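Visitor: I would like to learn how to read the features of this model. Please take me through them in order.

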Amino acid sequence: MVTDPAPKIRIQDVTYAYDDAAALRNVTLDIPAHAITVLFGPAGGGKTTLLRLINRLNDLVEGTRMSGQILLDNEDIYAPGVSVTDLRRRVGMVFALPLPLPGSVRQNVLYGPRLAGLRDQGRADEILFRSLNQAALWEEVKDRLDDSASALSGGQQQRLCIARSLALEPEVLLLDEPTSGLDPISTAKVEHSLFELKKDYTIVIVPHSVQQAARVADHAAFFLMGELIEHQPEKKLFTAPQKKRTEDYVTGRFG
Amino acid sequence: MKRVLMQRVGFVLLGLLALVVVLPILLVIGAIVARGAQAINWEFLTAMPRNGMKEGGILPALVGTLLLTLGTAVAAIPVGIGGAIYLSEYARDTWLTRAIRLAIINLAGIPSVVYGLFGLGLFVLFLQFGTSILAGSLTLAIMTMPIIISAAEEALRSVPTEFRTVSASLGGTRWQGVRNIVLPQALPGIITGVILGLLRAAGETAPILFTVAAFFLPRLPQSPLDQTMALPYHLYVISTQVPGMPADVQYGTALVLLALVLSLNLIASVIRSYFRRRREW
Amino acid sequence: MKNKNHLRWSEFLIQTLIRVLGFSSIGFVLLIFLFLLREGIPVFFQVSPTNLFGTRWYPTFDLFGTLPLILGSVLVTVTAIVIAVPLGVTTAVFVREVAPNWAREVLKPMIEVLAGIPSVVLGFFGMTLLAPFVRETLGFPTGLTAFTGALILAYMALPTIISVAEDALDAVPKSYRDAGLAMGATQWQTIWRVVVPGARSGIVTAVMLGMGRAIGETMAVMMVTGNAARMPLSLDSIFRPARTMTATIAAEMGEVAQGSVHYHALFGIGILLFLLTFIINLAAATTIFKKRRRGGLR
C-alpha cells in the first residue's frame with residue numbers, strides 16, 4: 001500500500017447533529033489521494049452524512065450543528081469566504097439512486113460545465129466524450145446523446161450520473177451506494193470504472209454491501225452509530241480487524 | 001342484512017346530494033348558453049353599444065376586460081412567481097415565513113369590494129391615477145397575487161428535492177438550480193395557477209366598481225390612464241341600472257363573459273393534464 | 001476571475017429581489033389596512049357611536065346605523081353556511097370515499113367550473129331566473145330576499161368547502177379505515193364513525209373558509225337580496241329583502257362625494273369587513289398550520 005505523505009482530505013474531530021439526534025461523533029479520518037476509501041457499516045452509521053459534509057451538501061439542510069474541521073488539501077472547507085460552488089466543482093458527488101436531470105444525455109453531462117461558464121462547442125464535445133468514456137458509457141450512448149436521459153436503463157443512468165460529476169474534472173469523487181439499485185452486471189461495470197478512475201481521482205465510496213467494500217477498498221473505515229470504530233488499509237480491516245464490533249459486522253454476525 | 005341495506009341507501013343518498021350540487025351548475029350554464037346564443041353575432045362582439053346600450057355591441061366592454069386582464073397579468077405574474085420562489089426555495093421555517101403565509105391566506109380572504117375600496121384609496125386618490133385601467137389592473141393584481149403564489153408554490157414544491165441537490169452538487173448556485181431545473185419543471189403548474197388567477201380577475205366586478213369602470217363609454221381606451229367599460233360591470237349595469245333592457249342583450253353579455261372565463265378554465269386544465277402525463281418523474 | 005465575481009453579484013441581486021417579492025405579501029396586507037384606516041377612521045370622529053351602531057342606515061338623513069347591515073350580512077352568511085356545509089361535506093365524502101371513477105371525473109371539473117363562474121353572472125342568473133322561481137313557489141311579494149341571496153352564496157361557497165374538506169378526508173390515514181373495516185363495520189359506518197370524525201379539524205377549516213368567502217361576497221348578493229337595510233328581527237326576515245355590508249359599499253360608493261361623512265362611513269364598513277375576514281382566516285389558518293406541523297397535510 002502506497003501511503004501519500006499528505007492526505008487529500010483530513011477529517012478532524014467532526015461532530016454533527018440534526019435537529020434531535022447526533023449523526024456523527026468525534027470522527028477523525030484521513031483520506032489518501034488516488035485511492036478508493038470505503039466508508040462502511042450498518043445503516044444509520046453516519047456514512048452518508050459524512051459524505052455530504054465533504055462537499056457541503058448538508059448546507060441545504062435546516063437545523064443542523066457541526067463542530068470540528070474538514071480539510072481539503074489542508075484548507076478548511078468550512079472557513080468563511082470559501083466558495084461553496086467552487087468546492088462542489090472540486091468534490092463531485094454520485095447519489096444512491098440514479099437521478100438524471102430532465103433533459104438529454106448531453107445536457108446532463110454538460111450541466112455542470114455550462115454553469116461554470118463553458119460556452120465553447122468543441123470543448124463541450126471533448127468533455128462529453130471524455131466523461132462518458134471514463135464512466136464506461138460512451139459506447140452505449142454515443143448514438144443517443146440527444147435522447148432523454150430518463151430513457152436509459154438504470155445502470156446506464158447511474159454511469160451517466162458518474163459521467164456528469166466527472167465532466168467537472170473534480171479532484172475528489174464521492175459515491176453514496178452508487179450500485180444499490182443495479183443488477184450485478186451493471187454493478188461490475190461501475191466498479192470497473194472506479195478502478196480506472198482512481199488513477200486520477202480521490203474516491204470515497206459508501207458501498208452497498210460488505211462484499212463490495214472488500215472488493216473495491218484500498219482503505220476502509222468502519223462506522224457504527226455515528227462513530228468511527230476503526231480504519232485500516234483494506235487487507236487488514238477485512239482479514240484482521242482489531243475491534244470486536246468490526247469483526248462481528250464483517251463476518252456477518254450483525255448488520 | 002340490514003346494515004348492508006343501510007349502506008346502499010346511504011350511498012344513493014350521497015349521490016343524490018352530489019346531484020343537488022351539480023344540477024344547478026348545469027342549469028345556470030344551460031340557461032345562459034341557450035338564451036345568450038341567440039344574441040351573439042359578429043356585430044354584437046365588434047360594435048359599439050347604441051341607443052342607451054339596448055342595441056349594437058359590447059366591443060368596448062370586451063376590450064376593456066381584455067386590457068384589464070393583461071394589465072393584471074403584467075403586474076401580478078412577476079410578483080406572484082417571485083413570492084412563490086421565495087417561499088418554496090429560499091425561505092426557512094421562521095416566524096417571518098409564517099407571517100408571510102398568514103398574509104397570503106388573509107389576502108386571499110379579503111372581500112373583493114374591500115380591494116375596491118383599497119384601490120380607490122391608494123391608486124385612484126393617493127397616487128392620483130384616477131379611475132383608470134392602471135388603477136384597476138393594479139387593484140386586481142394584488143387580489144390575484146395570493147392565488148398565483150399558492151398555485152406556483154405548490155407547483156415548485158412538487159418538483160423533487162433531489163433535482164436541487166443534484167444541481168448543487170454540480171456546482172450550481174441556488175438560483176441556477178431554480179432557473180435551470182426547478183422552474184422549467186414547475187412551469188405547467190405555474191401557468192395553470194396563473195390562468196386560474198387571471199380568470200378570477202377577468203370576472204370580478206367589485207374591485208373595478210370604483211377604480212376603472214365606466215358606465216357607458218362607447219370608445220376604445222387610448223392610454224392606461226383612461227377609464228374603460230368592462231364586461232362584468234357592463235353586465236351588472238344592464239341588468240340592474242337600465243330599465244327596459246332587452247333580455248337578449250343581457251344574456252348575450254352574460255354568455256360572452258361566461259365563455260371567456262370558462263375557456264380560460266378549460267385551457268388551464270388541458271395544460272395541467274397534458275403535462276402531468278408527459279413529465280418524467 | 002471576472003466571471004465569478006459577476007456571477008456572485010447577479011446571484012446576490014436575484015436573491016435580494018426574490019426576498020423582497022416574498023415579503024411583499026405582508027406589505028400589501030399592511031398597505032390595505034393602512035389605507036382603509038386612513039379613509040375610514042374619520043367617521044368615528046364625525047358620527048356618534050350611538051348613531052354608528054344604531055338600527056337605521058339612512059345616509060341622506062345622516063343616520064349611519066350599521067347594525068342592520070351587519071345583521072343582514074350575518075343572516076345571509078349563516079343561512080348560506082347552513083345550506084352549504086351539509087351539501088359540501090357530503091359531496092366531499094361522496095367524491096373521496098364512495099363515488100365510482102366516472103362520477104369523480106364528472107364532479108371535480110364541474111365543481112371547478114362553479115368556482116370559476118363570475119359572481120356577477122350568478123347574480124344575473126339569480127335575478128332573472130331564481131328570484132321569480134322563489135317568488136312563485138313560495139308565494140312571496142318579491143323573490144329578491146335574503147334567502148335567495150343565501151342560496152346563491154351557498155353555491156359560491158361550495159367549491160371552497162368541498163376542496164378543503166376533501167383534503168381533510170384525504171389526510172385521514174388509511175390505517176383508520178382499515179381498523180374500522182377490520183372491526184366488522186360496513187364502509188358506511190366506517191365513513192361516519194371513523195373517517196369524518198378523523199377529519200374534523202379540517203372540516204372545521206373548510207367551514208370557516210367557506211364562511212369567509214360568503215361574508216365577503218358582493219355582486220351576487222347585491223343583485224338578489226333586494227337591498228333593504230332593515231333590522232332582520234322577526235322570524236320571516238329570511239324571506240324578506242335584506243342588505244349586507246358588502247352590498248352597501250358597492251351600491252353607494254359610486255354616488256358619494258369623496259371626503260363626505262358618508263364616504264368615510266363606507267370605508268368604516270370596509271374596516272369592519274377587513275377585520276372580520278382577517279379573524280376568520282386567522283382562525284382557519286391556525287388549524288392549517290397545526291396540521292402542517294404534525295405533517296397531516298401533504
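This is a predicted model: local features need pLDDT of at least 70, side-chain atom pairs count only at pLDDT 80 or more; totals for chains, interfaces and linings use all residues.

Visitor: How many helices and strands does chain A have?

Guide: Chain A has 10 helices and 10 strands.

Visitor: What radius of gyration would a compact globule with 255 residues have, and what does chain A have?

Guide: The rule puts a compact globule with 255 residues near 18 Å; chain A has 18 Å, so the two agree. Along the principal axes, the C-alpha atoms of chain A fill a box of roughly 55 × 45 × 40 Å.

Visitor: And the contacts within the chain?

Guide: Take the contacts in chain A with a separation of 6 or more: 70% of them join residues 24 or more positions apart.

Visitor: How are helix α3 and helix α4 of chain A oriented to each other?

Guide: Read the angle between the axes. Helix α3 (residues 105-115) and helix α4 (residues 121-134) of chain A pack at about 110 degrees, with axes 10 Å apart. Angles of 65 to 115 degrees count as roughly perpendicular, so α3(A) and α4(A) fall in that class. On the α3(A) side, the contact is made by A:Arg106, A:Val109, A:Leu110 and A:Pro113; α4(A) gives A:Ala124, A:Ile127, A:Leu128, A:Ser131 and A:Leu132. By class, this contact has 7 nonpolar, 1 polar and 1 charged residues.

Visitor: Which residues of chain B are involved with chain A, by number and by element?

Guide: Count each side separately. In chain B, 16 residues are in contact with 19 residues of chain A. The elements of chain B that give two or more residues to this side are α7 (161-169) and α8 (174-203). α7(B) gives the most, with 6 residues. The chain B side divides into 5 nonpolar, 7 polar and 4 charged residues.

Methods:
Residues are numbered from 1 along each chain as its sequence is written. Chains are lettered from A and ligands numbered from 1 in the order in which they are written. Helices (H or I, at least four residues) and strands (E, at least two) are DSSP runs, numbered from the N terminus. The radius of gyration is taken over C-alpha atoms; the globule rule is 2.2 Å times the number of residues to the power 0.38. Two residues are in contact if their C-beta atoms, placed from the backbone, lie within 7 Å. Ala, Val, Leu, Ile, Met, Phe, Trp, Tyr, Cys and Pro count as nonpolar, Asp, Glu, Lys and Arg as charged, and the others, Gly among them, as polar. Axes are lines fitted to C-alpha atoms, for helices over the stretch in contact, and angles run from 0 to 180 degrees between N-to-C directions. Angles under 35 degrees count as roughly parallel, over 145 as roughly antiparallel, 65 to 115 as roughly perpendicular and the rest as oblique.
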